[in-house]
Amino acid sequence: MQTVLFHSTIYGPIHSRRLGMSLGINLMPNDGKICSFDCLYCEAGFNAQGPGKDGVPTREAVKKQLKRKLTEMKEAGQTLDVITFSGNGEPTLHPEFQKVVEDVLRLRTEFFPDAKVSVLSNSTMAGKPAVAEALLKVDNNILKLDSAIPHTFIAINRPTSPNCLPDGVIADLKKFNGQCVVQTIMIRGEYDGVKFDNTTDEELDALLRAYLEIRPREVMLYSIDRKTPAENLEKVSKEEMERIAERFRKAGLKVQVNA
């Protein structure tokens, strides 16, 4: 079974196709997964593997480990494009997320002032005031919206709360007043007898309406890049994604394609 990717709180740096040379921060357990979605394509595996026994790292542990790593990189003359919150689940679920963000911003400024700080989030906590405040402080708050149509949203993302639906996510993201990046995976497939495809005209029209409501700084479209826990998922080609991107660009949106 596909299991957690990250076995430490600070990992990398690794090259991200979206962000460049990235040092990762995993705010979830090193031996399990905690997430408010259970996405079919998640590189960290399904939630069924459990939360593990280590628990989430404390704010102090994150700060200490990040400072140690940044010191090593600085002394070695390494470069750094971005510090990225991403890991074995949803980073904004961490109980001290806001304070951790503040610590990371201070350390970034001390060691690599030109580096960006990014958060990869599934948007489920974006409506929480403390989380939204923290997300507005980072350079890139990259917030997921894979479908604006409920049945497709549920089929792909499998939210753990039955109250989590695209209309609510869109409403929360609108409150950022354009100060966010919206990230969407382009995907087709079948799981447990349910077929889904967010590249149809109906899906793309719904996404476009959502994007125009949210007015993000940028839309990031991407495709499957690594092994996924669910089988029967189709990687959408770069050529098709570029055609989709052009459809959105004609409506005045800035769109980046990562395939």
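1. A polar contact here is a pair of N or O atoms within 3.5 Å; within protein, one must be able to donate a hydrogen and the other to accept it, and residues adjacent in sequence count only if both atoms are side-chain atoms. By that rule, the side chain of Ser123 reaches the backbone oxygen of Lys144 at 2.8 Å. The side chains of Thr152 and His151 are also joined by a polar contact, of 3.4 Å.

2. Ground rules. This is a predicted model, in which local features need pLDDT of at least 70 and side-chain atom pairs count only at pLDDT 80 or more, while totals for chains, interfaces and linings use all residues. Residues are numbered from 1 along each chain as its sequence is written, and side-chain values use heavy atoms, with hydrogens and water left out.

3. Ser123 in its setting. Ser123 sits in the loop between β4 (116–121) and α3 (129–135). Helices (H or I, at least four residues) and strands (E, at least two) are DSSP runs, numbered from the N terminus. Ser123 has 1% relative accessibility and therefore counts as buried. The classes are buried under 20% relative accessible area, exposed over 50%, and partly exposed in between (1.4 Å probe, protein chains only). Leaving aside neighbours within four places in sequence, Ser123 is in contact with Leu143, Lys144, Val169 and Leu173. Contact means heavy atoms within 4.5 Å.

4. Helix α5 (residues 166–174). The buried residues of α5 are Pro166, Val169, Ile170, Asp172 and Leu173. Seen down the helix axis, they fall within an arc of 160°, so they line one face of α5. The arc is that of the directions from the helix axis to the C-beta atoms. The cover over these buried residues includes β5 (140–144), α4 (150–157), β6 (181–185) and α6 (201–214).

5. Thr152. Thr152 lies in helix α4. Thr152 is buried, with a relative accessible area of 3%. Leaving aside neighbours within four places in sequence, its contacts are Ser147, Phe196, Asn198 and Glu203.

6. Nonpolar cores. The term covers a set of buried Ala, Val, Leu, Ile, Met, Phe, Trp, Tyr and Cys residues joined through side-chain atoms within 4.5 Å. The largest core has 77 residues, and those with the most contacts inside it are Ile25, Leu70, Phe85, Phe97, Leu221 and Phe248. Another core, of six residues, lies apart from it; Leu19, Val82, Leu120 and Ile142 are among its members. Phe97 touches Leu27, Phe85, Pro91, Thr92, Val119, Val131, Ala134 and Leu135, not counting residues up to four places away in sequence.

7. Which residues beyond four places in sequence does Lys67 touch? They are Leu107 and Phe111. Lys67 is in helix α1 (residues 59–75). Its 42% relative accessibility makes Lys67 partly exposed. Lys67 and Asp103 are 36 residues apart in sequence, yet 9.8 Å apart in space, C-alpha to C-alpha.

8. Salt bridges. The whole structure holds 16. The test is a side-chain nitrogen of Lys or Arg within 4 Å of a carboxyl oxygen of Asp or Glu. Lys99 pairs with Glu102, the closest N and O atoms being 3.9 Å apart. Lys99 and Glu102 are three residues apart in helix α2 (residues 97–111), so about one helical turn separates them. Lys99 is partly exposed at 39%, whereas Glu102 is buried at 19%.

9. Longer-range pairs. Glu234 forms a salt bridge with Arg188, with closest N and O atoms 2.9 Å apart. This pair links distant parts of the chain, 46 residues apart: Glu234 is in strand β10 (residues 233–235) and Arg188 in strand β7 (residues 187–191). Arg247 bridges to Asp201, again with closest N and O atoms 2.9 Å apart. Arg247 lies in helix α7 (residues 238–249) and Asp201 in helix α6, so the pair ties together parts 46 residues apart in sequence.

10. Cysteines. How many disulfides does a search of the whole structure find? It finds zero. A disulfide would need a pair of cysteine sulfur atoms within 2.5 Å. The sulfur of Cys35 is 6.4 Å from the closest cysteine sulfur, in Cys42, and that is too far for a bond. Cys180 is in no disulfide either, as the nearest cysteine sulfur, that of Cys164, is 16 Å away. Cys35 is buried at 18% relative accessibility, and Cys180 is buried at 0%.
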